[in-house]
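Let's take a friendly walk through this structure together. Please have the sequence and the 3D view open side by side as you read.

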Amino acid sequence: GHIPGAINLPKTNCDEQIVKREAEIKAALAANKPIVVYCTNLLCPDARTVANHLASFGYSCSTFGGGWDSWKESGMPTE
């Protein structure tokens, strides 16, 4: 599962995915949607790594510290 509207950017090939999904990312930003990166849980460092890659492409983003586990536990919508 994932957060509705989320784009999967795996740490292992995130630079490639950022380039591949550039139009999608720019369209979301043009629609005033923020880039929020999340991982599995609070202990997973991958969200921070991906956020750094996005920043290197010039994208401003935030990380959701609690991750997917926290999102689900809060009763937020999932897909």
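Predicted model: local features only at pLDDT ≥ 70, side-chain atom pairs only at ≥ 80, totals over all residues.

Let's begin with the largest pocket, whose volume is about 840 Å³. Its lining is made up of 29 residues, and those closest to the centre are Ala6, Ile7, Val36, Val37 and Tyr38. If you colour by secondary structure, you can pick out the elements that each give two or more residues to this lining: α2 (22-30), β1 (36-38), α3 (46-56) and α4 (67-73). Which element gives the most to the lining? That is α3, with four residues.

A pair of aromatic rings is described by the distance of the centres and the angle of the planes. The count here comes to two aromatic pairs. In one of them, the ring centres of Tyr38 and Trp68 are 6.5 Å apart and the planes meet at 25°; planes under 30 degrees apart count as stacked, so this pair is stacked. Tyr38 belongs to strand β1 and Trp68 to helix α4, so the pair ties together parts that lie 30 residues apart in sequence. Tyr38 counts as partly exposed because its relative accessibility is 24%, whereas Trp68, at 13%, counts as buried.

The other pair is formed by Phe64 and Trp71, with ring centres 5.8 Å apart. Their planes stand at 85°, and an angle over 60 counts as edge-to-face, so that is the label this pair receives. Phe64 is partly exposed, with a relative accessible area of 29%, while Trp71 counts as buried at 17%. The cut-off for buried is under 20%, which is why Trp71 falls on the buried side.

Next, find Gln17 in helix α1, which spans residues 14-20. Is Gln17 buried or exposed? Its relative accessible area is 11%, so Gln17 is buried. Leaving aside residues up to four places away in sequence, Gln17 touches Asn8, Leu9 and Pro10.

Our last stop is Asn32, in the loop between α2 and β1. Look at its backbone: Asn32 has a positive phi of about 60°, although it is not a glycine. Asn32 counts as exposed because its relative accessibility is 69%, and the cut-off for exposed is over 50%.

Definitions and conventions. Residues numbered from 1 in each chain as written. Heavy atoms only, no water. Buried < 20%, exposed > 50% of the residue type's maximum accessible area, 1.4 Å probe, protein only. Contact = heavy atoms within 4.5 Å. 1 Å grid on protein atoms, 1.4 Å probe; cavity = no way out; pocket = protein on both sides within 12 Å on 5 of 7 lines; lining within 4 Å. Points joined across faces, edges and corners; volume = space filled by probe spheres on them. Phe/Tyr/Trp six-rings, centres within 6.5 Å; stacked < 30°, edge-to-face > 60°.
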